[in-house]
Number of protein chains: 2
Amino acid sequence: MKYCNQCGKPVVLRVPPGETLLRFVCDACQTIHYQNPKIVAGCIPEWEDKILLCRRAIEPRLGLWTFPAGFMELDETTEQAAARETLEEAKAEVEITSLYAVFSLVRVNQVYVVFRGKMPSPEFGLGHESSDVEFFSHDKIPWENLAFPVIHETLRRYVEDAGRGRFEVHFGVVLPMKR
Amino acid sequence: MKYCNQCGKPVVLRVPPGETLLRFVCDACQTIHYQNPKIVAGCIPEWEDKILLCRRAIEPRLGLWTFPAGFMELDETTEQAAARETLEEAKAEVEITSLYAVFSLVRVNQVYVVFRGKMPSPEFGLGHESSDVEFFSHDKIPWENLAFPVIHETLRRYVEDAGRGRFEVHFGVVLPMKR
């Protein structure tokens, strides 16, 4: 951030009075510009004993697999965002049935909020951001070709929970990939 | 938003190519300025069979009661944010033990992520944003003087869950107060 989005004058990085963190501040109009993490809403679409995954047609991690997920927009709930992403990326309808995970990705300032979603029918299609969409049974998940560590961590727990027949709600931090 | 925070030129509201939603766009430097909901991280601090609530010393809803909660900052996890707010508002330490609720407040574009936190000792104090901090047993919660509908909804479910000895993780939408 270099300029104030309210008045167009340059901003400076400073700790405002009464606060403890550095903020971008506009000395011309006194606006303090707060920056906050973004929510990525995701859905694990379920049909019978399979889940629906998408192969990314866009960077980053083009060609790798993920469940539908994307940035939550203004004027929607996290559940609506998760269902919308499923419709956009996999052309699949889901009924959100439960919250499954809240994972913080500190390095990129994202919080993943992932739901389970029941598909009313096995119909799906190719969204613009997907080069392939497929059902996977739990023992056929493409572990070596998942797009992000948070996708791996979420699906690892999901398959583990499914295996013992009891789904918990998970939270915690997911670290970046080792290079 | 009136000006581009990257180059200082005026922005316009327009649907960018390949997208479907109106965004603030800079024609000078081509930056698309996305706007997203913010996370409010909260904690219900528990000591034995009581919870710790704070009376707000600041607007909005000055003088009314809440559990510690505030905007998640960059470079922290939601759990760290919830524990930090508890330390700031109630000068109390907590060990985050479980995720309790994820509630979308669509009208104000906030998502509350609330945890339960175990206090290792009953020590607390007055943070700058609190005019009073007190322990409440579940049958003494000041229902008529809670700060926001999301606080009411969260504590209503909490007391209900506690009553039957089984805590679930809740999610959904919380509507604004009726006027």
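**Close-up views of a predicted two-chain model**

View 1. B:Phe24 stands opposite B:His33, a residue of β3(B). The model shown here and in the other views is predicted. Strand β2 of chain B, residues 23–25, and β3(B) pair in the antiparallel sense over two bridges. Both belong to an open sheet of three strands in chain B, ordered β1-β2-β3 and with antiparallel pairing. In this sheet β1 (12–14) and β3 (32–33) of chain B stand at the edges and have a single partner strand each, so one side of each is left without a neighbour in the sheet. Strands of a sheet pair through backbone hydrogen bonds, in either the parallel or the antiparallel sense.

**View 2. The open sheet of chain A.** In chain A, three strands form an open sheet in the order β1-β2-β3, and the pairing is antiparallel. The edges are taken by β1 (12–14) and β3 (32–33) of chain A; each has a single partner strand, so one side of each is left without a neighbour in the sheet. Three bridges join β1(A) to strand β2 of chain A, residues 23–25, and these two strands run antiparallel. The bridge partner of A:Leu13 is A:Phe24 in β2(A).

**View 3. Helix α2 of chain A and its buried side.** Helix α2 of chain A has 15 residues, 149–163. At 1.5 Å a residue the helix should span 21 Å, and its end C-alpha atoms are 21 Å apart, which agrees. Buried in α2(A) are A:Val150, A:Ile151, A:Thr154, A:Leu155 and A:Tyr158. These residues cover an arc of only 120° around the axis, which puts them on the same side of α2(A). An α-helix has 3.6 residues a turn, so residues three or four places apart point the same way. A:Gly165 follows α2(A) and has a positive phi, near 70°.

**View 4. The relation between the two chains.**

**View 5. The side of chain B that touches chain A.** In the contact between the chains, 33 residues of chain B meet 33 residues of chain A. At least two residues of this side of chain B come from each of β4 (38–47), α1 (78–90), β8 (95–105), β9 (110–118) and β11 (170–173) of chain B. With three residues, β8(B) gives the most to the side of chain B that touches chain A.

**View 6. The nonpolar cores.** The largest nonpolar core has 86 residues. Those with the most contacts inside this core are A:Val102, A:Tyr112, B:Val102 and B:Tyr112. Leaving aside neighbours within four places in sequence, B:Val102 is in contact with A:Thr78, A:Leu99, A:Val102 and A:Val113 of chain A, and with B:Val111, B:Val113 and B:Phe171 of chain B. Another core, of eight residues, lies apart from the largest one; among its members are A:Tyr3, A:Cys4, B:Tyr3 and B:Phe24.

View 7. In chain A, the peptide bond from A:Glu59 to A:Pro60 is cis, with omega near -5°. A:Pro60 is placed in the loop between β5 (50–56) and β6 of chain A. A:Arg61 also lies in the loop between β5 and β6 of chain A. Although A:Arg61 is not a glycine, its phi is positive, about 65°. A:Arg61 has 15 C-beta neighbours inside 10 Å and therefore counts as partly exposed. In chain B, the peptide bond from B:Glu59 to B:Pro60 is cis, with omega near -5°, and B:Pro60 lies in the loop between β5 (50–56) and β6 (65–66) of chain B.

**View 8. B:Glu48 in the loop between β4 and β5.** B:Glu48 has its place in the loop between β4 and β5 of chain B. This residue is not a glycine, yet B:Glu48 has a positive phi of about 50°. There are 9 C-beta neighbours inside 10 Å of B:Glu48, so this residue counts as exposed.

Conventions
Residues numbered from 1 in each chain as written. Chains lettered and ligands numbered in written order. Predicted model: local features only at pLDDT ≥ 70, side-chain atom pairs only at ≥ 80, totals over all residues. Pairing = 2+ DSSP bridges. Helix = DSSP H or I, 4+ residues; strand = E, 2+ residues; numbered from the N terminus. Expected span 1.5 Å × (residues − 1). Buried ≥ 20, exposed ≤ 12 C-beta atoms within 10 Å, placed from the backbone. Arc of directions from axis to C-beta. Core = buried A, V, L, I, M, F, W, Y, C linked by C-beta atoms within 7 Å. Contact = placed C-beta atoms within 7 Å.
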